[in-house]
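Subject: Structure handover

Hi,

Here is the structure for you to look through.

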Amino acid sequence: MEISNTTDSLLFDMDGTLWDATDSYAAVWNHCFDSHNVDIHITGADLVPYMGKPIKMIVEGITRQRVDTVFNPDKFVEALGVAEDEMMPRLGGKLYPGVYDCLRELSQHYRLFMVSNCGLNGLHTFMQFTHTEQFFTGSVSYGERPVPKSDNMRYLIDTYKLRNAVYVGDTQGDCDQTHRAGLPFVFAQYGFGNCQDYDLAFDNFAYLTDFFIKLKQHTHLL
């Protein structure tokens, strides 16, 4: 799928695309395991293969065959949400190199959005922790609208009347959902996942930014 020089907006995934917060997420999970008397301890690396998936799928994958029948995954998901709201504003994550300055530059040429499978307050926490609120026009998460990511992409497109949006993510799941939404997919190769059928790929955020700035400058010359 071709990326046109009429692109007017960039939609970003969060985890593995803009920052790495896996160690902080692991701390939240371990806090909840302790409070539920579950004998599991994980690291950020344990969560990496699940990044980008809805929370219930991650809980199932992490706890499968490791907890007894008394464990209630729905209550654990609720506890994770509460703990994440309490802990993540303090723990946060690490932006990938150059992301802050690049978002600032991109926001001068494109409307920027975030679409993630994170919880209700995940995107708000990200923007507050990284001081990037001013760069984004809008956002939507799975916690706000528990539907496939492709549907949330279309939701933003319809809500903000976007004409030619592009999605940037780091997993095959992101790519599949992007193409399902009818959008070109830009693969963040530095992130957590792999992808076979991306439309464009970059191995750092600065290269991505340079491409889209030059694309916009080329449009102005036409």
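Below are notes on the pockets and the salt bridges.

Please keep in mind that this is a predicted model.

The largest pocket holds about 630 Å³ of space. It is lined by 29 residues, and Ile 55, Glu 84, Asn 117, Cys 118 and Gly 119 are the closest to its centre. Helices H1 (22-35), H3 (55-63) and H4 (73-91) each supply at least two lining residues. H4 gives the largest share, with 7 residues. By class, the lining has 12 nonpolar, 7 polar and 10 charged residues.

The second largest pocket has a volume of about 220 Å³. Its lining counts 16 residues, with Gly 52, Lys 53, Asn 117, Gly 173 and Gln 177 closest to the centre. Helix H8 (residues 172-180) gives the most, 5 residues.

Salt bridges

There are 6 salt bridges in the structure. Asp 13 pairs with Lys 149, with the closest N and O atoms 3.3 Å apart. Asp 13 sits in the loop between strands E1 (9-12) and E2 (19-20), and Lys 149 is in helix H7 (residues 149-160), 136 residues apart.

Lys 149 also bridges to Asp 174, at 2.7 Å between the closest N and O atoms. Asp 174 lies in helix H8 and Lys 149 in H7, so this pair ties together parts 25 residues apart in sequence.

Buried or exposed: which is Asp 13? Asp 13 counts as buried, at 3% relative accessibility. Lys 149 and Asp 174 are both buried.

Arg 64 and Glu 60 form another salt bridge (3.5 Å, N to O). Arg 64 is partly exposed at 48% relative accessible area, and Glu 60 is partly exposed at 46%.

Best wishes

Definitions and conventions: Residues are numbered from 1 along each chain as its sequence is written. This is a predicted model: local features need pLDDT of at least 70, side-chain atom pairs count only at pLDDT 80 or more; totals for chains, interfaces and linings use all residues. Side-chain values use heavy atoms; hydrogens and water are left out. On a 1 Å grid over the protein atoms alone, a cavity is a set of points where a 1.4 Å probe fits but cannot get out, and a pocket is an open set with protein on both sides within 12 Å along at least five of seven lines; lining residues have an atom within 4 Å of a point. Grid points are joined across faces, edges and corners, and a volume is the space filled by probe spheres set on the points. Helices (H or I, at least four residues) and strands (E, at least two) are DSSP runs, numbered from the N terminus. Ala, Val, Leu, Ile, Met, Phe, Trp, Tyr, Cys and Pro count as nonpolar, Asp, Glu, Lys and Arg as charged, and the others, Gly among them, as polar. A salt bridge is a side-chain nitrogen of Lys or Arg within 4 Å of a carboxyl oxygen of Asp or Glu. Buried means under 20% relative accessible area, exposed over 50%, partly exposed in between (1.4 Å probe, protein chains only).
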